[in-house]
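Let's sit down with this one and learn to read it feature by feature. Ask away once you have it on screen.

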Amino acid sequence: MAEEQEQEQSSDPGAKTLGNFPFYYQFNPVDERLNKLDSAHVVSTILSVDNGVKDDVPFCLLDIGCNTGELTVELQRLLASQTKRQVHCFGCDVDPRLVETARASFLSGNSARIQQQGGKVEADAPRSLEFGVLDVSEHDALAVEAERFLRARGRDRFSLVCLFSVTMWIHVNVGDDKFMRTLSTLCNLTDALLVEPQRSPSYKTCRRRLRRGKGEQPPYIDRLALRGAKLFPAIKLQIEGAGFALVAELGTTTWKRPLWLFVRRGNPACSGGVDVDGGGVGADGDGDGVGIEEGHVQIAASDDGGENELKKTKTAARDDKGDDR
Ligand SMILES: C[S@@+](CC[C@H](N)C(=O)[O-])C[C@H]1O[C@@H](n2cnc3c(N)ncnc32)[C@H](O)[C@@H]1O
């Protein structure tokens, strides 16, 4: 995959097969996502997944599709500002040029910068912030990198894995099965998961924009069974099936995407849902799979032995414009 994005597809910086937009944060400022997190106990719920972990072991965040690193760094700052525990972040991206930019922006003089931002860095400790080139759909490479990062910090799992606006890019490039397996693989690596998935209309926009820009279409974009009304329930069910409960829907972010917080069942942070204005889930924290995606699809808990069943309600998206970024 990395080879493909080396080839410039068009002069349209919005036409990218991997979503590897070079000026992403000029169009999509980080505040929008941070605002959704920086409210109503969300951060403390996220941090509490590490309750029971020794205090000198860092909270570890894996940010997938970190692009040029702005959101990763701000997430680290936000989390670090509300805990005495160190917060260590690994931002990874499939595009080496983006990773290089992230490193140049945030890692030269890393310690000073993170300390300034309220983080905690010790001279002889592993860096609290790393950026690396990684295609997370390559599960062996993912396992190797995750183990390297975690072992150096005395952990066997991340505290939190973030998937901000990256699910579609993985999905259209590897297809339904591998995308679903990638979600399960990521679940095995973490105690909590924050997911901001692209909605179905974004897939259309992606295809349209690449066609217009004469860019190469992602290999699976026309061969997906998990689309339309099936998309969000499939993502949720896959994560719940891997042992997680949806503890909060944190409202919708830029481009009208929802932001879901999942926590591993059995983790202390899983017990109470997060009460979030406008989020409207909370009650889903019991892991029964009930969830509403913008009023289109309801996953209802069936009474036949706990099997979830998809109840399709209205699927017509009012706004079909979507944005593929
Ligand atoms: C639309 S941008 C989102 C950036 C950032 N997560 C955010 O929301 O602010 C998607 C990013 O995911 C990266 N990406 C796409 N497929 C990936 C994969 N399989 N593994 C890792 N990163 C990937 C792209 O290079 C791009 O930087």
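Q: Which helix and strand each supply at least two residues of the shell around the ligand?
A: A residue joins the shell if its C-beta atom, placed from the backbone, lies within 6 Å of the molecule. Helices (H or I, at least four residues) and strands (E, at least two) are DSSP runs, numbered from the N terminus. Here, β2 (87–93) and α9 (167–188) each give at least two. The shell has 23 residues, with N20, G65, N67, F164 and S165 the closest. Mind that this is a predicted model: local features need pLDDT of at least 70, side-chain atom pairs 80 or more, while totals for chains, interfaces and linings use all residues. Residues are numbered from 1 along each chain as its sequence is written.

Q: How do I describe two packed helices?
A: Two packed helices are described by the angle between their axes and the distance between the axes. Axes are lines fitted to C-alpha atoms, for helices over the stretch in contact, and angles run from 0 to 180 degrees between N-to-C directions. The axes of α9 and α11 come within 8 Å and cross at roughly 25°, so the two are roughly parallel (angles under 35 degrees).

Q: How many residues of α11 are buried?
A: Buried means that 20 or more other C-beta atoms, placed from the backbone, lie within 10 Å of a residue's own. In α11 (residues 231–241), eight of eleven residues qualify, including L231, F232 and I235. Across the 325 residues of the chain, 46% count as buried.

Q: What follows α11?
A: That's G243, with a positive phi near 100°.

Methods
Buried ≥ 20, exposed ≤ 12 C-beta atoms within 10 Å, placed from the backbone. Parallel < 35°, antiparallel > 145°, perpendicular 65-115°, else oblique.
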